[in-house]
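Reader: Could you walk me through this one? I would like to start with the strands and how they pair.

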Amino acid sequence: MIRKATTADIPEIMKVVKRVVKAMNEQGSYQWDHTYPLAADYQKDVNRNELYLYEVEEGIRAVCTISSRGHKEYNEIAWTAHDQSFTLKRLAVDPTARGKGIANQFFAYAEQLAKQTGVPLLNTDTFLENQYAQQLFKRNAFQFVQTRKETVEAPELVYFEKVIEPKE
């Protein structure tokens, strides 16, 4: 079941995130590490009422931020529209719960939330090396927008969007 997260959930969320970081690194993706994401990032999401988790009787199995705020570079990305969108951030599914469609449920939940609130666009990004995330976005009907690199040293990011209700 998907529900909004609370501050009390953060310790268990961070256990899931630690397992996700280990799995990502083993798959060759170093987008996350011991410096990101932190409990403070998730606390900000809770404070903004934007953090959701997937929970079963056994506990929290996944977490995702559905935010009305994009990242700082989002104004420079060639989105279909720049007015209003939900950005999916920090999606983490416990490796022990993968393959059960949990990430897909978060995407469907975000789309339903967007329809209910009149938000026409979902967007997200990932590191170019994170092929797993890119395939997940494509499976959920997100369209490639562009790649971008802020500095020579910075990793290349890949941006995706899903139009919910096309503008007329």
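Author: Gladly, and please keep in mind that this is a predicted model.

Reader: Which strand is joined to S3 by six bridges?

Author: That is strand S2, residues 51–56, and the two run antiparallel. S2 and S3 form a hairpin with two residues between them, and valine 56 has glycine 59 in S3 as its bridge partner.

Reader: And how many bridges join S3 to S4?

Author: Five bridges join S3 to strand S4, residues 86–93, and this pair runs antiparallel. Isoleucine 66, for instance, has leucine 88 in S4 as its bridge partner.

Reader: Okay, zooming out, what is the order of the strands in the sheet?

Author: The order is S1-S2-S3-S4-S5-S7-S6, seven strands that form an open sheet with mixed pairing. Strand S1 (2–4) and strand S6 (143–148) stand at the edges with a single partner strand each, so one side of each is left without a neighbour in the sheet. Neighbouring strands of this sheet are turned by 30° against each other on average, if direction is ignored.

Reader: What joins S1 to S2?

Author: Three bridges do, with the two strands running antiparallel, and isoleucine 2 stands opposite tyrosine 54 in S2.

Reader: Switching to helices, which strands does H4 lie across?

Author: Helix H4, residues 131–139, lies across S4, strand S5 (121–127) and strand S7 (157–163), and it runs at about 160° to S5.

Terms used
Residues numbered from 1 in each chain as written. Predicted model: local features only at pLDDT ≥ 70, side-chain atom pairs only at ≥ 80, totals over all residues. Heavy atoms only, no water. Pairing = 2+ DSSP bridges. Helix = DSSP H or I, 4+ residues; strand = E, 2+ residues; numbered from the N terminus. Axes fitted to C-alpha atoms, helices over the stretch in contact; angles between N-to-C directions. Contact = heavy atoms within 4.5 Å.
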